[in-house]
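Please walk me through the salt bridges of this structure. I am new to it and would like plain explanations.

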Amino acid sequence: MLVVPSDTNMKPDRKDLYQFLVACQQVSVEKECPQIATLSLELPPLDPLAVLQAIAQPEDPHFYFENGNKGEAIAAIGAAITFHVPSGSARFVKAQTFIQSCLANTITTGATDLPFAGPHFFCNFTFFDDLRPPESAFPCATVLLPRWQVARCRNRSVFVANFSLSPRDNIKALHQDLCNKLTQIRWANSRWLDPVNFPNQSFQNHDFKPTANFRKSVYSALNRINNKTLNKIVLADAIDLNFPRPINLVKSLNNLRRLYPDCYTFATGNGGGTNFIGASPERLLAIYNHQLTTDALAGSAPRGKTSGEDAELAKLLLSSDKEIHEHRVVIDFICDRLTRLGLTPKVPPQLLLLQLSNIQHLWTPIQSTLPPGIHPLDILADLHPTPAVAGVPRDTACQEIRRYEAFDRGLYAAPLGWIDGYGNCEFIVGIRSALIEGDRARLYAGAGIVAGSDPDKELAEVQLKLKTLLKALV
Ligand SMILES: C=C(O[C@H]1C=CC=C(C(=O)O)[C@@H]1O)C(=O)O
């Protein structure tokens, strides 16, 4: 990636910006290869979700990612370039090659030092790499370099435009498009999103009857655990619902981020009317300045209705052999994988609790310094799926998941996030999630099964997780 220093207060209507696009096009002529021109401009603080609402067209692929606790949100809208891997185990390698070849032909300028400036590649992967027919709405790997990207990091906002330039592109028209988009973005206003929309009343007291299949699967899995074929398996259920009207993506995201500020609110849309949306507490991989963090998150209990009951539930969770085993296998797996990649994982000495508004989990953030030469997607390829969403031994658990679950997991429980041009990244696991299309939603939730699991409690956990999401969909 070539960084061209510039006046960081570059204005889109100024000649130098137009000339920058012309110069990048000239490089594409000389190299006989399209060039990606990336412009970053600081904007007054704005809400990327409001921008998503204001400028995304139904046919635009898009991506939304918000971490309320960190005061960060990023919206990616439309495509400069997209890359799909339909299926196959080489998907992480192929995605990596694509990103590297883009970066080798990227020229970036403007406010390049701001957080979230420069090109970002938004990626989503399906849980399994060989998709079951009928075709899923998302291929097994998608990488999106968006046309427009708007991010907020605390009180600063940055706008990024990416153009893939070939000799025949009309620079005047592209420049005009950029100016128009900026005008629209400046008008985007988060007040349009307030107040929080009250969740769909007709589903509020919906009694989730776990499918007969889920209950049967839990019993059968417990048999396999007892006869030692499996140590742990994470089984999920999917519930299909029809809403009285089309589900509103932006309003639902707005609800999710307010109801679950401790989670990552996310959505990815394929531009064909299907969106995958959720609020996940599980960070699979974050790398900033060569420092890596990954979460072991497994073992759950509800939140109490009173502080006394809450403390009691937390105490039980922290002292339960069954929950600790369910959690410990995730820590061991992650540490083993990172060590094999040449990293030195650091694990806090005591178990921690991640307390969300409706549920609490055993939580261990694992950290390491990243040695040079390892790409974030190398790590993702090794970590996914962890025993927090698959099981132990992993291959057996994955085979059994396919046998037990009558639905395709699609993007559920799979990695979703972004990578920048310097190897920084943030990926979450797509749990507490739903696939939405028009007035239809498929909600997913799962629970880890180990020796000592009580099927009724696992069912209650899955129901609790499903309700979490349903509350926000409008
Ligand atoms: C698989 C899910 O959660 C995982 C993450 C945290 C706690 C879990 C558990 O306690 O079972 C699961 O391992 C899900 O929410 O669909």
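Is Lys 322 buried or exposed? Lys 322 has a relative accessibility of 17%, so it counts as buried; buried means under 20% relative accessible area, exposed over 50%, and partly exposed in between, with a 1.4 Å probe and protein chains only. This is a predicted model, in which local features need pLDDT of at least 70 and side-chain atom pairs count only at pLDDT 80 or more, while totals for chains, interfaces and linings use all residues. Residues are numbered from 1 along each chain as its sequence is written, and side-chain values use heavy atoms, with hydrogens and water left out.

Lys 322 pairs with Glu 458 in a salt bridge, 3.2 Å from N to O (a side-chain nitrogen of Lys or Arg within 4 Å of a carboxyl oxygen of Asp or Glu). This pair links distant parts of the chain, since Glu 458 belongs to helix α12 (residues 455-470) and Lys 322 to helix α9 (residues 321-340), 136 residues apart. Helices are DSSP runs of H or I with at least four residues, and strands are runs of E with at least two, numbered from the N terminus. Glu 458 is buried as well, at 2% relative accessibility.

Helix α9 also holds Arg 340 and Asp 336, four residues apart, about one turn of the helix. Their side chains form a salt bridge at 2.8 Å, N to O. Arg 340 is exposed at 60%, and Asp 336 is partly exposed at 35%.

In the salt bridge of Arg 403 with Glu 400, the closest N and O atoms are 2.9 Å apart. A search of the whole structure finds 19 salt bridges.
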